[in-house]
Amino acid sequence: MGLTLLAQSAIGGLLLGGIYGLLALGLSLSWGLLRLVNLSHFALAFLGAYLTYQLGTQFGIAPWLSALVVVPAFFVAGMALHALFVRFQVSEFASMLVTFGITILIESLIQWLWSADYRRFESGYAQASLRIGPLFVPVLELAAFACAALLAVAAWAGLNRTLLGKALRAAAHDGPIAAAFGINATRLSYLLAGLCAASAGIAGVFIALTSTLAPSQIEAWIGVVFAVVIIGGLARPLGALAAGCLIGISESVTMAAVNPAWAPLVAFSILIVLLLWRPRWL
Amino acid sequence: MALTSQHARAATVAAVAGLIALPYAGVADFYLSYLYVVFFWIALATSWGILSGYSGYWSFGHAAFFGAGAYTTATLAGRWGVPFLLTIPAAAGIAAALALGIGWVVFRINTLRAEFFALLTLSVTYVLAAVISNTPIDGGGGVYLSNVAIPQLGTTVPGAIYLLGLALAFTALAVSRRILRSRLGAGLLAIHDDEDVAEVKGVPTLHYKLVAFAISSAIAGAAGAIQAAYVGYVTVGETFSITVPLYVVLMSILGGARHWAGPAIGAALITVALSLFVGGGHAELGRAGVALALVVVILVLPEGIAPSLLGRFARRRNSAPVAAPTPATASEPGNVVVMKLPAVHAAAGRPLLTCRAVAKSFGGIRALQGVDLQVEEGEILALVGPNGSGKSTLINMISGHFPLSSGSIELHGASIDGLAPHEVARRGIARTYQIPRLFNHLTVLENVRLCAFFGGAPDAAGESPDALALRWLAFTGLEAKAHVLPPALNLHERKFVELARALAARPRLLLLDEVLCGLTPTEVDHAIAMIRKIRAGGTTIVFVEHLMRAVVALADRIAVLDQGTLLALGLPRETMQDPRVVGAYLGAAHAA
């Protein structure tokens with residue numbers, strides 16, 4: 001196998017890792033800071049993707065304009081979902097089951113509205129790519145990666161450099177004590193839940209632009225992205241991005257060097273090896 | 001009572017006989033197939049409950065074991081012509097082996113929490129699906145079993161499959177019920193509430209989780225084998241779909257995952273409800289309906305249907321015959337109690353426990369740096385020292401909770417460092433926790449009985465765990481609370497349940513971690529009298545305490561720890577007047 005092909009697949013994997021990181025960001029934050037394992041994150045992302053697709057193909061609205069609609073709407077939806085968790089005092093474990101149910105509900109809704117067929121959003125930018133020497137860098141994937149990196153850095157800075165972020169971390173670590181120091185944990189948790197859902201919306205826009213849509217694809221992402229979340233470390237935005245890149249590159253190189261069909265094994269193999277090896281940051 | 005259980009047994013036998021007779025009585029194949037589907041889900045949901053319902057390690061990967069079974073049969077019977085009935089045990093075996101392999105990896109990670117387990121098992125499903133569809137096992141096109149001869153057992157093929165489904169569902173229920181009432185079940189329920197404490201109380205947690213996982217998966221594998229024959233054509237997409245874990249989880253939650261019959265009740269309800277949808281041609285709507293039910297049930301009825309139903313039933317039964325329990329005379333600590341001496345009882349004065357240069361570091365913090373300590377058989381040794389001096393760490397090291405950084409610990413000359421906590425417990429060391437850590441979903445009696453079950457050596461006198469538990473509840477004055485769940489107790493009662501649990505394990509060495517802290521002066525007097533009685537029965541005691549009154553009243557010797565080293569060791573009065581000890585407690589100025 002040529003070096004060029006290897007480098008090309010590594011670039012592809014790195015950019016794919018950006019989308020993994022983007023999806024993992026919201027999950028990692030809500031799991032680590034809200035103690036909610038939100039499986040419906042994927043379904044929300046796909047709902048966002050389908051909405052982008054619908055707005056683009058039926059009304060000819062540009063994806064970035066759709067994002068202006070989808071992202072705020074998802075922010076509100078995330079807060080509404082969080083209201084449900086707060087109202088019923090859902091535990092960490094129960095949250096996973098509830099959102100599992102919600103995932104299936106959204107999947108059924110998508111299947112009902114858009115059928116189980118594969119859909120492809122032809123946006124016009126799909127074929128655009130930059131050329132660096134012998135290598136091609138697809139523009140859309142690059143934009144997704146840039147956006148993922150931007151959000152990860154913003155989330156990191158928000159958590160570590162702002163008072164609000166520190167309050168969130170304190171509340172996640174010990175709610176009652178944080179409350180005793182005047183932190184309104186509930187209000188902060190609504191904000192974070194909204195932001196996580198909004199990030200699912202952003203991921204959805206890029207999923208619509210870069211991949212083929214089908215309701216069954218929701219499940220295909222769950223395993224890989226959760227592996228990314230665990231490898232990256234809970235509530236660590238930069239860790240999630242780095243883990244996303246690691247998995248993306250490994251998958252992509254496996255596809256090119258071994259056989260595309262074995263790619264799904266890569267993420268889990270890395271996860272299992274890391275769980276056995278147990279480095280300190282895990 | 002005996003009469004009702006006899007009635008229940010007779011009714012069960014009659015029901016099973018009736019169900020077996022159905023295919024021979026000329027019931028149409030359509031109905032038999034319908035009932036088979038119900039049995040299939042009952043078996044699958046019940047098998048899931050054996051690990052996940054009881055121990056709280058929820059698997060989202062039940063499809064993997066079910067699928068392993070289905071493909072075992074598809075390969076053996078469909079490709080190699082092995083007789084179908086022989087493939088069922090093979091399928092169960094393969095699924096169990098797969099579970100043991102996965103369990104061996106994931107259960108040994110101490111930090112692995114239940115959420116990780118759920119996600120890992122879900123991942124395994126995808127991995128297995130990828131492997132099977134990329135190898136000749138499936139090759140991507142599915143496997144036909146149309147050429148497989150299915151023995152008709154004297155009826156039609158659907159009749160035979162019905163009978164197999166019935167047998168499997170019945171087996172699953174019988175196994176699950178048997179497990180719940182055995183040591184294994186008690187251990188699994190304890191793991192559900194607090195795994196670390198379960199281990200310290202003598203439950204071999206790793207072993208139990210593996211066994212439960214293997215049994216659970218074996219039944220799922222057998223279900224896969226029968227289902228493969230039923231559908232006649234297996235594909236990766238259908239077999240490893242998310243439907244299997246979704247349904248079994250929902251069925252179990254709906255019915256009640258901590259009861260052996262819960263998953264079956266849920267399975268029957270949901271299968272019938274789904275068939276109504278499918279009958280109307282709205283399969284997708286049915287799936288959405290199940291998902292919605294999942295959401296609503298978890299939010300509104302987190303314990304499931306079975307517990308609340310059974311609870312109502314039990315209340316009715318209890319209210320009639322049994323008179324209100326007589327209030328316990330809790331003021332005098334059990335004057336009826338005669339402590340049984342431990343099986344191995346050496347003469348007093350021999351060292352029971354020997355710590356040699358015990359050291360422990362947590363990252364850069366050196367919590368213990370070379371502690372040498374001997375505890376004589378039959379003595380009461382007080383462990384005192386300022387906060388953070390390493391007292392609780394030492395207790396945790398002796399009970400096996402943490403591995404040593406260096407040094408050694410011996411019990412009766414045999415090394416116990418490096419043993420799993422449950423092994424340490426088996427050798428006769430029991431401990432209490434400073435902040436009581438009771439199993440919150442088990443009653444007070446069940447809490448104590450569990451420790452009688454698992455702790456210490458088997459009792460030579462053959463006293464049953466029940467009798468032992470009741471005796472120690474009486475000793476601690478808690479008989480009246482025997483059937484109460486721990487969250488309903490106050491701190492004083494919770495501390496005494498901790499004590500009763502430790503005592504029920506028949507320890508040679510009892511480690512008490514601040515049992516007196518937070519008690520009123522009267523309660524302290526009461527507890528001091530109790531600890532004296534415990535020693536009088538032949539148990540050696542090491543206790544951590546800040547309350548000097550109790551230390552002076554109880555201790556034969558005092559060991560003073562400061563900053564992870566043994567500062568002083570000796571008789572109470574002398575030790576407490578040692579200038580170094582005074583200095584450590586009150587600062588250098590007072591020591592001079």
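Predicted model: local features only at pLDDT ≥ 70, side-chain atom pairs only at ≥ 80, totals over all residues.
Local features need pLDDT of at least 70 and side-chain atom pairs pLDDT 80 or more, while totals for chains, interfaces and linings use all residues. Residues are numbered from 1 along each chain as its sequence is written, and chains are lettered from A in the order in which they are written.

**Exercise 1. Chain A as a whole**

Task: State which elements chain A contains, and explain why its radius of gyration fits a compact globule.

Solution. Start with the elements: chain A has eleven helices and two strands. Here helices (H or I, at least four residues) and strands (E, at least two) are DSSP runs, numbered from the N terminus. Their order from the N terminus is α-α-α-α-β-β-α-α-α-α-α-α-α.

Next take the radius of gyration, which is computed over C-alpha atoms; the globule rule is 2.2 Å times the number of residues to the power 0.38. For 282 residues a compact globule would have a value near 19 Å, and chain A agrees because its value is 19 Å. The C-alpha trace of chain A spans about 60 × 50 × 30 Å along its principal axes.

Last, consider burial. A residue is buried if 20 or more other C-beta atoms lie within 10 Å of its own, exposed if 12 or fewer, and partly exposed in between, with C-beta atoms placed from the backbone. In chain A, 51% of the 282 residues are buried.

**Exercise 2. A helix pair in chain A**

Task: Describe how helices α1 and α10 of chain A pack.

Solution. Two packed helices are described by the angle between their axes and the distance between the axes. Axes are lines fitted to C-alpha atoms, for helices over the stretch in contact, and angles run from 0 to 180 degrees between N-to-C directions. The axes of α1(A) (residues 3–34) and α10(A) (residues 237–257) come within 6 Å and cross at roughly 145 degrees. The contact residues of this pair comprise 19 nonpolar, ten polar and one charged. In this classification Ala, Val, Leu, Ile, Met, Phe, Trp, Tyr, Cys and Pro are nonpolar, Asp, Glu, Lys and Arg charged, and the others, Gly among them, polar.

**Exercise 3. The side of chain A that touches chain B**

Task: How many residues of each chain are in contact, and which element of chain A gives the largest share?

Solution. Two residues are in contact if their C-beta atoms, placed from the backbone, lie within 7 Å. By this criterion 31 residues of chain A meet 26 residues of chain B. On the chain A side, two or more residues come from each of α4 (92–114), α9 (217–232) and α11 (263–277). The largest share, 14 residues, belongs to α4(A). By class, this side has 25 nonpolar, four polar and two charged residues.

**Exercise 4. Domains and an enclosed helix in chain B**

Task: Locate the domains of chain B, and explain why helix α15(B) is described as largely enclosed.

Solution. An automatic or database domain assignment supplies the bounds: domain 1 is 17–241 and domain 2 is 351–591. Their C-alpha centres lie 44 Å apart. The contact between them takes 16 residues from domain 1 of chain B and 20 residues from domain 2 of chain B. On the domain 1 side, α7(B) gives the largest share, seven residues.

Turn now to α15(B) (residues 391–398): seven of its eight residues are buried, so the helix is largely enclosed by the rest of the structure. Among the buried residues are K391(B), L394(B) and N396(B). After α15(B) comes G400(B), with a positive phi near 85 degrees.
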